[in-house]
Amino acid sequence: MTDWTQPLSTNRHLATWIEEMAALCLPDQIVWIDGSDEQRDALREEACRTGEITALNPEKHPDSYYHRTHPLDVARTEDKTFICCRREADAGATNNWKNPEEAYTEAANFFRASMRGRTMYVVPFSMGPIGSPFSKVGVELTDSIYVVLNMLIMCRTGKQVLDTLGSSNDFTRCLHSKASLDPEKRRILHFPEDNTIWSVNSGYGGNVLLGKKCLALRIASWMARQEGWLAEHMLILGIEEPNGRIEYVAAAFPSACGKTNLAMLIPPEGLKSKGYRIWTIGDDIAWIRPDTDGRLWAVNPEYGFFGVAPGTNSKTNPSMMTTMAKNTIFTNVVLGKDGTVWWEGCDGDAPADALDWLGRPWHPGMKDKDGKEILGAHGNSRATSPLRQCPSASFRLDHHHGVPISAFIFGGRRNALAPLVYESYGWSHGVFVGASMASERTSAQYGKQGEVRRDPFAMLPFCGYNMADYFKHWINIGRIAKHPPKVFHVNWFRRGKDNSFLWPGYGENLRVLEWVLQRARGEGEARETPIGYVPTDSALDMTGLELAPDIMDELLRVDNDAWKEEAADIEKFFDSLGPHMPWELRNELEGLRHRLNGM
Ligand code: GTP
Ligand code: SPV
Ligand code: MN
C-alpha cells in the first residue's frame with residue numbers, strides 16, 4: 001500500500017505552513033491526498049469502520065454513503081462567520097468583523113491540540129480547471145474524512161494540483177478542525193489579506209468544505225474586486241436551440257431557492273416540439289470576467305453538487321436523481337435499515353424500518369408531543385455528487401474560458417409583490433434590482449424561517465467585503481464590458497389566496513427563460529411598468545400548460561402601493577449600508593419612486 005504520509009510536494013511555503021499548523025493542532029500523523037481511487041477507497045473503508053459514514057445498499061446506491069452531522073451543526077452559521085481584515089470598514093455593514101490578530105489568537109485556542117489522536121489530511125484543490133489562468137489553488141488541512149471525501153467530489157483535487165502550484169506561494173491556506181463541535185466555540189474566519197481561512201468546531205457543508213462558500217465566494221469576491229472580475233452565488237446554464245445556437249444565462253437566487261433545479265431543468269412537454277436542449281455548467285457559484293469581446297464570460301469553479309435533498313424527485317428534478325444514483329454522499333436524510341435513503345418529497349414511500357436524520361426510529365406521519373409532524377430528513381439535508389454524472393453536464397465544463405453570458409437573472413422567494421418575471425431598464429437599474437433583492441429565509445441557514453430579509457445578489461452571507469463597495473464594483477463592471485448581459489428578476493414562489501404556489505415552477509420555468517432570451521436579443525413582447533418590463537399577456541409560450549387567466553394576471557401583476565412600501569424598505573436598507581453606497585443606486589431608487597407616482 002502507498003505510504004501517504006510522504007509529502008507530495010517540495011513547495012517550501014506549503015511545508016512551512018503545514019508544519020506550523022501541525023504544531024498547533026498536534027495531529028498523530030499527516031496524510032497527503034493524491035486524488036487516487038486507491039486512497040479514496042481506503043478512506044471510505046476507514047470512515048465506515050469508525051462509523052463516520054455508513055455504506056449504502058450497493059445495488060440501490062452504488063458507491064454511496066450516508067453521514068449524519070451533529071444535531072446542532074446542520075446549516076451554515078452566519079453569526080459565527082467573520083471577515084477578519086485590518087479595517088472594519090472594509091468588511092462593511094453586512095458582515096461580522098473581527099480584528100485579524102484577535103481572531104487568530106482566539107481561534108488558536110480552539111485549534112490547540114484539537115487533532116490529538118487524529119490524522120491531519122492535506123487536501124490540495126483547484127477551483128476551476130487545473131492550470132487555467134482563471135483558477136485558484138487552495139490547500140485544506142482537515143481532521144475529517146467526511147470533509148476529504150466531499151472535497152474529492154466538489155473540487156478538482158490531488159497531486160496534479162500540487163504539480164501545477166510548483167514552488168508558488170499563491171494558494172489559499174485553509175485550516176479546518178471539527179475540534180469538539182462546540183457551537184459556542186464555532187468560528188468560520190476569513191482573512192482576505194492573508195489569503196487564509198480558518199474553520200473550527202463544525203462539520204457541516206458550507207462551514208467546512210472550504211473551497212465552496214469560504215474560498216470561491218468570500219475570499220474570491222475580495223480578490224475579484226481587486227482584479228476586475230466577479231465571484232457570484234449563481235447557477236450557469238446553456239439553452240441550445242435546434243439550429244445549434246447555445247445561449248447561456250447566470251442566475252442568483254438565495255440558498256435553497258431553486259438554483260440546482262433551474263440549472264438542470266427538463267423542458268416541459270408542451271415545449272418539447274421546440275427542440276431545446278439544456279446544458280448544465282454549475283448550480284451554485286460563477287466566476288465571471290469581462291473579456292476583450294466586450295462580453296462577460298463565466299466558469300463554474302466547482303466540480304460537484306452539494307444539493308438540497310427535500311423536494312428532489314424524478315418529477316421535479318430527474319437529472320439530479322440520475323446524478324445522485326451513484327458515487328454520492330447523503331447527509332442528514334432518512335436512513336432505511338435496508339441501506340436506502342429517503343427524504344420528504346422523494347420518489348416512493350419511506351423505507352419500512354427507518355431512522356430519521358437524528359438517528360431515531362422514525363416513520364412517516366409521526367407527531368411530536370405538541371402534535372406537530374416530525375420530518376424524517378432535515379430541511380437542509382443534502383447530497384454530494386460529481387457534476388460529470390449529471391445527464392445535462394456541459395461539454396464546456398473543463399474549458400478554461402467558460403461561456404459567454406447573455407442574461408443575468410435575480411430572484412428569491414416572495415410570496416407576494418414580485419411578479420413572475422420582469423426586465424430591468426438597463427445596467428445600473430439591473431444592479432439596483434440585484435442590490436434590492438429580498439427573500440424568505442430557508443433552512444439553509446440558522447434563523448427564523450419564512451422571514452423576509454434583504455439578500456442583495458443572493459450574496460448577503462457570502463460577500464467578502466463592504467456590500468456598498470460591491471455594488472459599486474458591479475456598476476463598474478458594466479462600464480468595462482461593452483456588451484454586458486441584460487438583467488432580469490424572477491419569482492417562482494408567488495402564492496395565491498389558499499397559500500399555494502401560483503406558478504408550477506421547475507421545468508415550466510423554461511417558458512420564462514425563453515422570454516428572457518428573446519428580450520436579451522431585442523425580441524419578445526413586453527409592457528412598461530414602474531419596476532421594469534413585464535411580459536404582455538401573450539408573450540410567454542403557454543403551450544401545454546393550463547393556467548386560468550386570472551392566475552396569469554396575478555402572476556404578472558405589479559401592485560403600485562405595495563411597491564411604494566417596498567421602495568421605503570429598500571431605502572432603509574441602503575441607508576444601513578453606510579457612506580460607500582453608490583449614488584447610481586440612489587438615483588435608481590429615486591427613478592423607481594418617480595415611476596410609481598407617475599405611471
Ligand atoms: P443552495 O444549494 O442552498 O444554494 O440552494 P439552491 O438555490 O440550489 O436551491 P434548490 O434548487 O436546491 O431548491 C431548493 C428547494 O426549492 C427545493 O426544495 C426545491 O424543490 C424547491 N424549488 C426549486 N425550484 C422550484 C420552483 O421552480 N418552484 C417551487 N415551488 N419550488 C422550487
Ligand atoms: C447554500 O447554503 O447556499 C449552499 C449550501 O449552497 S452550503 O454549502 O452549506 O453553503
Ligand atoms: Mn448556495
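Ligand 1 sits in the largest pocket of this predicted model. A pocket here is an open set of points, on a 1 Å grid over the protein atoms alone, with protein on both sides within 12 Å along at least five of seven lines, and a molecule sits in a pocket if more than half of its atoms lie within 2 Å of its grid points. Ligand 2 also sits in the largest pocket. Residues are numbered from 1 along each chain as its sequence is written, while chains are lettered from A and ligands numbered from 1 in the order in which they are written. In this predicted model, local features need pLDDT of at least 70, side-chain atom pairs count only at pLDDT 80 or more, and totals for chains, interfaces and linings use all residues, with side-chain values based on heavy atoms and with hydrogens and water left out.

We can look at ligand 1 to begin with. Its shell holds 21 residues, the closest being Ala256, Lys259, Thr260, Arg382 and Tyr506; a residue is near a molecule if one of its heavy atoms lies within 4 Å of it. By class, this shell has 9 nonpolar, 8 polar and 4 charged residues, where Ala, Val, Leu, Ile, Met, Phe, Trp, Tyr, Cys and Pro count as nonpolar, Asp, Glu, Lys and Arg as charged, and the others, Gly among them, as polar. Helix α9 (residues 259–263) contributes the most, with 3 residues; helices are DSSP runs (H or I, at least four residues) numbered from the N terminus. Ligand 1 lies between domain 2 (232–303 + 397–598) and domain 3 (305–389), because both give residues to its shell; the domain bounds come from an automatic or database assignment.

Oxygen atoms of ligand 1 have a polar backbone atom of Ala256 at 2.7 Å, a polar side-chain atom of Thr260 at 2.8 Å and one of Tyr506 at 2.6 Å. The protein buries 92% of the 660 Å² that ligand 1 exposes when taken alone (Shrake-Rupley method, 1.4 Å probe).

Conventions:
On a 1 Å grid over the protein atoms alone, a cavity is a set of points where a 1.4 Å probe fits but cannot get out, and a pocket is an open set with protein on both sides within 12 Å along at least five of seven lines; lining residues have an atom within 4 Å of a point. A polar contact is a pair of N or O atoms within 3.5 Å; within protein, one must be able to donate a hydrogen and the other to accept it, and residues adjacent in sequence count only if both atoms are side-chain atoms. Helices (H or I, at least four residues) and strands (E, at least two) are DSSP runs, numbered from the N terminus.
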